[in-house]
Amino acid sequence: FVAATPGELRSKWLGESAQRIRALFQKARSMAPCVLFIDELDAVAPRRGGHGEVDHAVGQLLQELDGMDGIKGDQAKAPLVFVGASNHPGTIDPAVMSRIGLVLTIPLPGKAERIRILEILLRESAYEVNLDLVAGYAEGFSGRDLKTVVTRASRAAFTEGRQKITTEAVSYTHLRAHE
């Protein structure tokens, strides 16, 4: 498993992002069988349109994706699987999207899932939180959004010298986090 983020792949210097992408794929090929994961693919491969470094990086990614079928020798039996993640798939360059064989859309959690996520996030904390009420407030929140809410409520409790995270603190944090 080889993973990369935009911070590891993007550069302001012309050609450097493309070099980093090429090196990432070379590393994954050398480790085949391998899953190569790029997080925030939309930041690595946005729609092209006259931004030199971005266009070069997207072009290199396209070449590497096209070359995945051409693994030769011993690696022919050892595939390379590409996985990308994005919260904004509509901003990814269409040519990149056309090379992705399967697109999975994971919907935002429903109320029951938000309650379970909150339970997991709060499991190591002392809390007095009405999870049903907070999950209701948090309609449209992702797991990441809920983690931010809990983290902010934890910091507020610590700063204010409280021993427990409360429903009020989480609700107030929720409102502040998404203004």
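## Helix 8

Helix 8 contains 17 residues, and its first and last C-alpha atoms lie 24 Å apart, close to the 24 Å expected at 1.5 Å a residue. The model is a predicted one. Which residues of helix 8 are buried? They are L146, V149, V150, A153, A156 and A157. Viewed along the axis of helix 8, these buried residues fall within an arc of 125°, so they line one face of the helix. An α-helix has 3.6 residues a turn, so residues three or four places apart point the same way.

The other side of helix 8 carries exposed residues, namely R144, R155, F158 and T159. Just after helix 8 comes G161, which has a positive phi of about 75°.

## The chain as a whole

The protein chain has nine helices and five strands. Read from the N terminus, its elements follow the order β-α-α-β-α-α-β-α-α-β-α-α-β-α.

The chain has 179 residues, and 35% of them count as buried. Take the contacts in the chain between residues at least 6 apart in sequence: 71% of these join residues at least 24 apart.

## Helix 2

Helix 2 covers residues 16-30. At 1.5 Å a residue its 15 residues should span 21 Å, and the C-alpha atoms at its ends are 21 Å apart, which agrees.

The buried residues of helix 2 are S17, A18, I21, L24, F25, A28 and R29. Seen down the helix axis, they fall within an arc of 135°, so helix 2 has its buried residues along one face. What do the buried residues of helix 2 pack against? Their partners are strand 1 (2-4), helix 1 (6-9), strand 2 (34-38), helix 3 (41-44), helix 4 (52-67) and strand 3.

P33 sits in the loop between helix 2 and strand 2. A cis peptide bond joins A32 to P33, with omega at about 5°.

E40 belongs to the loop between strand 2 and helix 3. Its phi is positive, about 55°, although E40 is not a glycine.

V170 is part of helix 9, which covers residues 167-177. Its relative accessibility is 2%, so V170 counts as buried; the cut-off for buried is under 20%. Leaving aside neighbours within four places in sequence, V170 is in contact with V129, V134, V149, A153 and I165. Of these, V149 and A153 are also among the buried residues of helix 8.

D93 lies in a loop, the one between strand 3 and helix 5 (94-98). With a relative accessible area of 4%, D93 is buried. Not counting residues up to four places away in sequence, what does D93 touch? It touches A45, P46, R47, R48 and V58.

## A partly exposed glycine

G110 is in the loop between helix 5 and helix 6 (111-122). At 28% relative accessibility, G110 counts as partly exposed. G110 and F141 are 31 residues apart in sequence, while their C-alpha atoms are 9.0 Å apart in space.

## The largest pocket

Rolling a probe the size of a water molecule over the atoms shows where empty space is left. The largest pocket has a volume of about 930 Å³. Its lining is made up of 28 residues, and those nearest the centre are G84, A85, S86, L104 and I106. Two elements give two or more residues to this lining: strand 3 (80-84) and helix 8 (143-159). Strand 3 gives the most, with four residues.

How many residues of the lining are nonpolar, polar and charged? There are 18 nonpolar, six polar and four charged residues.

Technical notes
Residues are numbered from 1 along each chain as its sequence is written. This is a predicted model: local features need pLDDT of at least 70, side-chain atom pairs count only at pLDDT 80 or more; totals for chains, interfaces and linings use all residues. Side-chain values use heavy atoms; hydrogens and water are left out. On a 1 Å grid over the protein atoms alone, a cavity is a set of points where a 1.4 Å probe fits but cannot get out, and a pocket is an open set with protein on both sides within 12 Å along at least five of seven lines; lining residues have an atom within 4 Å of a point. Grid points are joined across faces, edges and corners, and a volume is the space filled by probe spheres set on the points. Ala, Val, Leu, Ile, Met, Phe, Trp, Tyr, Cys and Pro count as nonpolar, Asp, Glu, Lys and Arg as charged, and the others, Gly among them, as polar. The expected span of a helix is 1.5 Å times one less than its number of residues. Buried means under 20% relative accessible area, exposed over 50%, partly exposed in between (1.4 Å probe, protein chains only). The arc is that of the directions from the helix axis to the C-beta atoms. Contact means heavy atoms within 4.5 Å.
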